[in-house]
Amino acid sequence: MKNYKNCIKYSCILLFSLLFSCENKAADNPKIATAYPTMADFWNGNADWQLYYNRYVSNWHAAAGTTLRVVNGTWYWFQRYQVDGQDQLGTECRKSTDKGQTWSNPVKVINPTPGTPWSRMATDGDFYYDAAANKWRCLFQSLSVAGGGWTCSYLERAGADPMGPFTTPAGFTNPAIDAKEIWGRIADDPGDDCVKIPGGKLNQVYDEGTPEIVLQNGNTFYVTFHGAAKVGKSIYGFRGIATTTDFQTYTPAAPDCIMDAYDSNKWNVAWQGDLNGNAGSIGVGAATCFKEGAYWYTLIEGADKSLGGTAGQNWTFGLLRSTDLTSTSWENWPGNPVPTFTPHKELLEWQYARLFKDGGVTYCAINRDNPASDRSFRIYKLAWKSTAHP
């Protein structure tokens with residue numbers, strides 16, 4: 001009996017020692033100091049993207065134009081829908097209460113409406129819950145059956161539930177952003193980067209589109225948006241930023257593009273040049289941005305040939321960061337483009353990425369459209385590499 005008691009005693013001592021040792025190792029190793037990896041861990045090579053959810057979609061429009069927001073633990077997924085096979089697009093919403101594993105049936109939140117700037121298309125926008133005002137705000141690309149090019153329109157919905165119609169607030173005039181309304185005040189200085197790029201000169205950049213509401217500071221909202229410029233056979237891409245307090249008037253928040261071809265040209269891609277015979281990338285397009293720690297991280301499209309989509313072109317995603325959201329000089333991730341979201345010359349295969357967090361976990365929702373192999377809506381989560389986190 002005595003020997004049995006001693007065995008129990010020494011076993012407890014050994015177990016306590018092992019636990020104490022593990023705690024000390026975790027405290028001494030910065031790679032395992034947090035439960036979940038951050039964007040900084042990915043930047044430093046200690047984490048990677050792991051497939052979390054994969055949903056087959058039937059056509060090109062399904063899942064395109066994705067926005068995914070988390071409010072009070074519920075995930076809301078906004079996406080395009082096509083009106084009965086016609087050349088009309090609207091936006092619908094699904095929700096998930098189990099972190100994206102299952103989704104509700106879709107509810108249409110913006111329909112193409114006769115007599116509005118979105119009578120033909122209402123898509124590729126951003127939905128943002130303003131907790132202080134207890135309402136959802138939506139800024140989206142709008143196109144009228146009357147023509148006139150793309151604009152951006154603004155709608156709202158009261159309360160924390162976005163599963164229903166969004167409407168124009170009283171006294172508001174849509175479209176919220178006319179073509180060139182903001183770009184006409186950005187690409188206007190000979191010292192700017194973008195004016196040195198084909199299409200970047202004053203009044204050549206248009207299509208304030210794929211807007212993202214990235215920051216609310218009191219009553220001021222920071223919105224990023226793409227720009228396009230057609231010169232010859234190619235369309236060139238830019239990304240800008242502006243502020244607004246009412247979503248009716250906008251002020252450029254940076255004196256130049258925040259990202260353009262100078263950024264994507266640094267990626268490790270054998271850029272094929274544009275359709276006009278010039279070398280290099282044609283620039284950048286849709287993007288997603290959020291803040292983590294001291295840095296703002298942006299995952300953004302970069303392409304060659306044309307932003308309009310051309311067979312056999314490179315259409316990739318790169319990651320950049322800056323401590324200043326309005327900076328015009330962002331730091332490129334050394335491994336750009338991000339391998340997980342980089343096809344091998346598959347036209348527009350990866351599109352509409354959206355970074356978001358829930359419960360400390362970092363996710364990326366993205367649409368994949370490869371008619372030959374896979375059409376799907378996917379969610380990836382940031383996971384430790386086995387060498388970085390035992």
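1. The structure holds four cavities of 30 Å³ or more. Here a cavity is a set of points, on a 1 Å grid over the protein atoms alone, where a 1.4 Å probe fits but cannot get out, and its lining residues have an atom within 4 Å of a point. Grid points are joined across faces, edges and corners, and a volume is the space filled by probe spheres set on them.

2. The model is predicted: local features need pLDDT of at least 70, side-chain atom pairs count only at pLDDT 80 or more, and totals for chains, interfaces and linings use all residues. Residues are numbered from 1 along each chain as its sequence is written, and side-chain values use heavy atoms, with hydrogens and water left out.

3. Confidence comes next. The mean pLDDT (the predictor's confidence in each residue, from 0 to 100) of the chain is 87, and 84% of the residues reach 70 or more. Residues 1–33 have a pLDDT below 50, and beyond near neighbours in sequence this stretch has ten contacts in the model, a contact being heavy atoms within 4.5 Å. Where pLDDT is low, the predicted coordinates should not be read in detail.

4. The chain contains three helices and 19 strands. These are DSSP runs numbered from the N terminus, with at least four residues for helices (H or I) and at least two for strands (E). Of the 390 residues, 55% count as buried, that is, under 20% relative accessible area, with exposed meaning over 50% and partly exposed in between (1.4 Å probe, protein chains only). Among contacts with a separation of 6 or more, 55% join residues 24 or more positions apart.

5. At least two lining residues come from each of β6, β9, β13 and β17. By class, seven of the lining residues are nonpolar, six polar and three charged; Ala, Val, Leu, Ile, Met, Phe, Trp, Tyr, Cys and Pro count as nonpolar, Asp, Glu, Lys and Arg as charged, and the others, Gly among them, as polar.

6. The second largest cavity has about 50 Å³ of space. Gly 65, Thr 91, Asp 124, Gly 125 and Phe 127 lie nearest its centre, out of 13 lining residues. Two or more residues of this lining come from each of β3 (74–82), β6 and β7 (135–143), and β6 gives the most, with four.

7. Gly 65, one of the residues nearest the centre of that second cavity, lies in the loop between β1 (47–56) and β2. Because its relative accessible area is 8%, Gly 65 counts as buried. Leaving out residues up to four places away in sequence, Gly 65 touches Phe 78, Gln 79, Arg 80, Asp 124 and Tyr 352. Gly 65 and Thr 91 are 26 residues apart in sequence, with 8.6 Å between their C-alpha atoms.

8. The second largest pocket has a volume of about 400 Å³. It is lined by 20 residues, and Arg 69, Tyr 128, Phe 290, Leu 355 and Phe 356 are the closest to its centre. A pocket is an open set of points with protein on both sides within 12 Å along at least five of seven lines. β9 (206–217) is among the strands that each supply at least two lining residues, and β9 gives the most, with five. The lining comprises 14 nonpolar residues, one polar and five charged.

9. The peptide bonds from Asn 174 to Pro 175 and from Asn 336 to Pro 337 are cis, each with omega near 5°. Phe 247 has a positive phi of about 65°, and Lys 305 has a positive phi near 65°. Most residues other than glycine have a negative phi, and most peptide bonds are trans. Phe 247 lies between β11 (234–244) and β12 (251–252) and is buried at 0% relative accessibility; Lys 305 lies between β14 (295–303) and β15 (315–322) and is buried at 18%.

10. Which cysteine has its sulfur closest to that of Cys 138? The closest is Cys 152, but the two sulfurs are 9.8 Å apart and therefore too far for a bond. The whole structure has zero disulfides, a disulfide being a pair of cysteine sulfur atoms within 2.5 Å. Cys 93 is buried at 0% relative accessible area, and Cys 138 is buried at 0%.
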